[in-house]
Amino acid sequence: MTIMAALVGGPDDLAERVVPVAEPGEDLKIPHRGGYEHFKATSRVQNGPEGELSVYEWWERTEIAE
C-alpha cells in the first residue's frame, strides 16, 4: 500500500500537491525548476479523494549543485 502526502506551501506552480511517501515522517525533496523544494512532515492530516493524507509543509528551496 502506497502512503500519500499532501504538500502545503511552496511555489504556486508546483505540479503535484499529492505525492507518494517512501518513509512516513521523513522529509521530502521534490525536484522543481532546477532545484529542490523541501517539505517537512507535520502532525496534521487532511482528507482527500485519496483518503487520509499526511500533511507536509514547505520549509526551503535549494539549488541543484553543478
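**Close-up 1. Surroundings of H38 in the predicted model.** Beyond residues up to four places away in sequence, H38 touches L28, K29, E57, W58, W59, E60, R61 and T62, a contact being heavy atoms within 4.5 Å. H38 lies in strand β4, residues 35-48; strands (E, at least two residues) are DSSP runs numbered from the N terminus. Because its relative accessibility is 12%, H38 counts as buried (under 20% relative accessible area, 1.4 Å probe, protein chains only). The side chains of H38 and T62 are joined by a polar contact of 2.8 Å, that is, a pair of N or O atoms within 3.5 Å, of which, within protein, one must be able to donate a hydrogen and the other to accept it, and residues adjacent in sequence count only if both atoms are side-chain atoms.

**Close-up 2. Surroundings of L53.** L53 belongs to strand β5, residues 51-63, and is buried, with a relative accessible area of 2%. Residues up to four places away in sequence aside, L53 touches M4, A5, A6, V18, R44, V45 and Q46. P20 is 33 residues from L53 in sequence, and their C-alpha atoms are 9.9 Å apart.

**Close-up 3. The largest nonpolar core and V21.** Nine residues form this core: A5, L7, L14, V19, V21, L28, I30, F39 and Y56. Such a core is a set of buried Ala, Val, Leu, Ile, Met, Phe, Trp, Tyr and Cys residues joined through side-chain atoms within 4.5 Å. Strands β1 (3-8), β2 (18-21) and β3 (28-32) each give two or more residues to the core.

**Basis of the views.** Residues are numbered from 1 along each chain as its sequence is written, and side-chain values use heavy atoms, leaving out hydrogens and water. The model is predicted: local features need pLDDT of at least 70 and side-chain atom pairs count only at pLDDT 80 or more, whereas totals for chains, interfaces and linings use all residues.

Definitions and conventions:
Helices (H or I, at least four residues) and strands (E, at least two) are DSSP runs, numbered from the N terminus. Buried means under 20% relative accessible area, exposed over 50%, partly exposed in between (1.4 Å probe, protein chains only).
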